[in-house]
Structure formats: C-alpha cells, structure tokens
Amino acid sequence: MKGNIARMIAVVATGSLLAVASAGAATAGTDGGKGSSNTQALAAQVLQMRDGLTKVAYAGDVAKTRADLDKLSPVLGDIAAGKRYQIQTETQKLGDLAQGRSVESSRLLADPTAKARQLPPLPVPIPSLPDLPGPLKIVSDLVKALLTAVTGILSGLLGGLPVPPLPTPPVPLPTP
C-alpha cells in the first residue's frame with residue numbers, strides 16, 4: 001500500500017514538473033520570438049546576412065551580391081512560412097515580401113535584359129539609402145527595399161531590442 005501511494009505521488013510530481021516545464025517552453029517559443037534561443041540565432045544569422053549583402057552590394061560586386069541574395073532567400077522563405085520559427089505574423093508577412101524582392105533582384109542580376117516585375121509596396125517606410133553603384137543600378141530600388149524589409153524583420157525578431165544600423169557607405173558629395 002505504501003508503495004502504491006509513493007508511486008502515485010511520484011507520478012503527480014513528475015506530471016506537475018513536466019507541465020511547468022512545457023508551459024515555460026511554450027511561452028519562450030511563442031512570445032513573438034523573444035527569449036527563444038532558436039529565434040535569437042535566426043536574428044543573428046539574418047543580421048549577418050543583411051550586413052554582408054549591404055557591403056557587397058554597395059561595393060558594386062554583382063557576383064557576390066547575387067550569391068548573398070541566393071543565400072538570404074531561403075532564410076526569408078523559412079521566416080515567411082512560419083513553420084520553422086515561432087515569430088509574429090507581421091514578421092512572417094514581411095519575410096514573404098522581402099523574399100520576393102530577393103528573388104526578383106537575383107533574377108534581374110542573372111539576366112540584366114529581363115523586365116522587372118511590379119512588386120507590392122512594403123508596409124514599412126523606406127529610408128533614404130544611397131543608390132547602388134553602376135553595375136547594380138538595375139536592382140538598386142529592389143535591394144534598398146529588401147534591406148529595409150530585412151531590417152524590419154530583425155526588429156520583429158529582436159522584439160524591441162535596438163537593431164544595428166545598416167553598414168552603408170556615406171553618401172558621396174556632389175562634385176562642383
């Protein structure tokens with residue numbers, strides 16, 4: 001009889017412990033991405049990709065820009081799908097819009113004679129960024145909108161923490 005009571009107490013205690021642990025995990029995973037190490041790792045990855053894309057695009061390197069776009073697009077697709085990461089709906093929608101700009105930019109860089117498609121406007125204000133240099137001029141507006149969208153995604157992933165600014169070069173002064 002004492003053995004049955006001890007087992008019952010152990011089962012109840014274990015069940016309570018599992019319920020508390022599961023509730024904590026659920027809170028961390030669905031709190032808009034805040035507190036989830038998976039979401040924090042995603043934010044670090046997206047920040048690194050955004051900064052890398054910014055640097056190569058503003059350096060005018062077409063091949064590296066296209067390669068960075070090709071790496072960024074699947075990550076944005078994962079964000080848009082909302083299956084792999086627990087993130088806010090607004091961030092998912094922005095991920096979908098950003099992925100469209102990434103794919104379109106990559107397509108235009110692969111075939112500069114192609115016509116650009118009209119994409120829906122972004123729900124975030126686009127700050128004034130300098131135009132991309134010569135060989136990337138064809139995708140300047142797309143990449144600037146993409147960088148803005150990715151910065152908005154980072155804001156959603158970081159949940160109120162400040163997002164590091166874009167590492168863009170200074171705007172050149174007009175020549176006299």
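Let me start with a definition: a residue counts as buried under 20% relative accessible area, as exposed over 50%, and as partly exposed in between. Now apply that to Ile-138. Its relative accessibility is 40%, so Ile-138 counts as partly exposed. Keep that scale in mind.

A word on what we are looking at. This is a predicted model. The protein chain has 176 residues, and buried residues make up 36% of them. The secondary structure comes to 5 helices and 0 strands. Read from the N terminus, the elements run α-α-α-α-α. The accessible surface is about 10200 Å². Carbon and sulfur atoms hold 62% of that surface.

Next, contact order. Take contacts between residues at least 6 apart in sequence. Of these, 65% join residues at least 24 apart.

Now the helix packing. Two packed helices are described by the angle between their axes and the distance between the axes.

Pair one is H3 with H4. Their axes come within 8 Å and cross at roughly 155°. Angles over 145 degrees count as roughly antiparallel, so H3 is roughly antiparallel to H4. The crossing of H3 and H4 is left-handed. On the H3 side, the contact residues include Val-62, Arg-66, Leu-69, Asp-70, Leu-76 and Ile-79. On the H4 side, they include Thr-91, Gly-95, Ala-98, Ser-102, Ser-105 and Leu-109. By class, the contact of H3 with H4 divides into 10 nonpolar, 10 polar and 3 charged residues.

Pair two is H4 with H5. Here the axes come within 9 Å and cross at roughly 155°. That makes H4 roughly antiparallel to H5. The crossing of H4 and H5 is left-handed. From H4, the contact takes in Thr-91, Leu-94, Gly-95, Ala-98 and Arg-101, among others. Further along H4, Glu-104 and Leu-108 are also among them. From H5, the contact residues include Leu-142, Val-143, Leu-146, Ala-149, Ile-153 and Gly-156. The class count for H4 with H5 is 9 nonpolar, 6 polar and 2 charged.

H3 covers residues 62-81, and H5 covers residues 140-158. They pack at an angle of about 45°, with their axes 13 Å apart. That makes H3 oblique to H5. The crossing of H3 and H5 is left-handed. So which residues of H3 meet H5? They are Leu-69, Leu-72, Leu-76 and Ile-79. Their partners in H5 are Leu-146, Val-150 and Ile-153. The contact of H3 with H5 has 7 nonpolar residues, no polar ones and no charged ones.

Some residues turn up in more than one pair. Leu-69, Leu-76 and Ile-79 of H3 meet H5, and those residues also meet H4. Leu-146 and Ile-153 of H5 meet H3, and they also take part in the contact with H4.

Now some single residues. Start with Gly-100, in helix H4, residues 89-110. Is Gly-100 buried, exposed or partly exposed? Its relative accessible area is 27%, so Gly-100 is partly exposed. Gly-100 and Leu-146 are 46 residues apart in sequence. In space, their C-alpha atoms are 8.7 Å apart.

Next, Gly-52. This residue sits in helix H2, residues 37-58. Gly-52 has a relative accessible area of 25%, and therefore is partly exposed. Gly-52 and Thr-65 lie 13 residues apart along the chain, with 8.8 Å between their C-alpha atoms. Thr-65 belongs to the H3 side of the contact with H4.

Then the loop between H4 and H5. Ile-138, our opening case, is found there. Ile-138 and Leu-109 are 29 residues apart in sequence, and 8.0 Å apart from C-alpha to C-alpha.

Arg-117 is found in the loop between H4 and H5 too. At a relative accessible area of 48%, Arg-117 is partly exposed. What does Arg-117 touch, not counting residues up to four places away in sequence? The answer is Glu-104 and Arg-107. The C-alpha atoms of Arg-117 and Glu-104 are separated by 7.5 Å, with the two residues 13 apart along the chain. Glu-104 also sits in the contact of H4 with H5.

That is the tour. Questions, please.

Terms used
Residues are numbered from 1 along each chain as its sequence is written. This is a predicted model: local features need pLDDT of at least 70, side-chain atom pairs count only at pLDDT 80 or more; totals for chains, interfaces and linings use all residues. Side-chain values use heavy atoms; hydrogens and water are left out. Axes are lines fitted to C-alpha atoms, for helices over the stretch in contact, and angles run from 0 to 180 degrees between N-to-C directions. Helices (H or I, at least four residues) and strands (E, at least two) are DSSP runs, numbered from the N terminus. Angles under 35 degrees count as roughly parallel, over 145 as roughly antiparallel, 65 to 115 as roughly perpendicular and the rest as oblique. A crossing is left-handed if the near helix is turned anticlockwise from the far one by less than a right angle, and right-handed if clockwise. Contact means heavy atoms within 4.5 Å. Ala, Val, Leu, Ile, Met, Phe, Trp, Tyr, Cys and Pro count as nonpolar, Asp, Glu, Lys and Arg as charged, and the others, Gly among them, as polar. Buried means under 20% relative accessible area, exposed over 50%, partly exposed in between (1.4 Å probe, protein chains only). Accessible areas come from the Shrake-Rupley method with a 1.4 Å probe; for residues, only the protein chains shown count as cover.
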